[in-house]
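Please have the sequence and the structure at hand while reading.

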Amino acid sequence: MAVSVSVATEQASLPVAYRLYLPEIWAQDSARRTQAGVPQEVRFQSKPDIALDQIRMLVEEAVPRAPVLADAAYGNDSIFRKVLEELGLCYTVGIQASTSVWPPETGPLPPKPRNTTGRPPKTVATG
């Protein structure tokens, strides 16, 4: 697997950053790393973190800015979205239906206070 960033126009798309992804289970398995020839300096990094490194590099190199498009593997990561905003980049990303979002400057409501006395006692009919 790999993480890549491409720039696109109406006429063409060109990959400008590409990096192999090392799954965490591989990163922690020295025998597997040795067999595959993975250098020791290569550490686990999530796909969104790899993509952000690539995007930061492109921003530093003054590649023309355009909206960032990404699937839910990246869009569900709130840090990914926040860093894009900090970089001044517009984005359109997928999110899973189970992902909660709020309008700017808002957040989740606090939980309702709990009744600390427990459940009301059950009434038992006698007769």
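## Q45 and its surroundings

Residues up to four places away in sequence aside, Q45 touches R19, Y21, I50 and D53, where contact means heavy atoms within 4.5 Å. With R19 there is also a polar contact of 2.5 Å between the side chains, a polar contact being a pair of N or O atoms within 3.5 Å, of which, within protein, one must be able to donate a hydrogen and the other to accept it, while residues adjacent in sequence count only if both atoms are side-chain atoms. Q45 itself lies in the loop between helix 2 (30–36) and helix 3.

The model is predicted, so local features need pLDDT of at least 70 and side-chain atom pairs count only at pLDDT 80 or more, whereas totals for chains, interfaces and linings use all residues. Residues are numbered from 1 along each chain as its sequence is written, and side-chain values use heavy atoms, with hydrogens and water left out.

## Helix 3

Helices (H or I, at least four residues) and strands (E, at least two) are DSSP runs numbered from the N terminus. In helix 3 (residues 47–60), P48, I50, A51, L52, Q54, I55 and L58 are buried, that is, under 20% relative accessible area with a 1.4 Å probe and protein chains only. The partners against which these buried residues pack include strand 1 (2–8), strand 2 (13–20) and helix 5 (78–86).

## Contacts of Y74

Leaving aside neighbours within four places in sequence, Y74 is in contact with V3, K47, P48, A51 and F80. After helix 3 comes A62, whose phi is positive, near 60°.

Note on methods. Buried means under 20% relative accessible area, exposed over 50%, partly exposed in between (1.4 Å probe, protein chains only).
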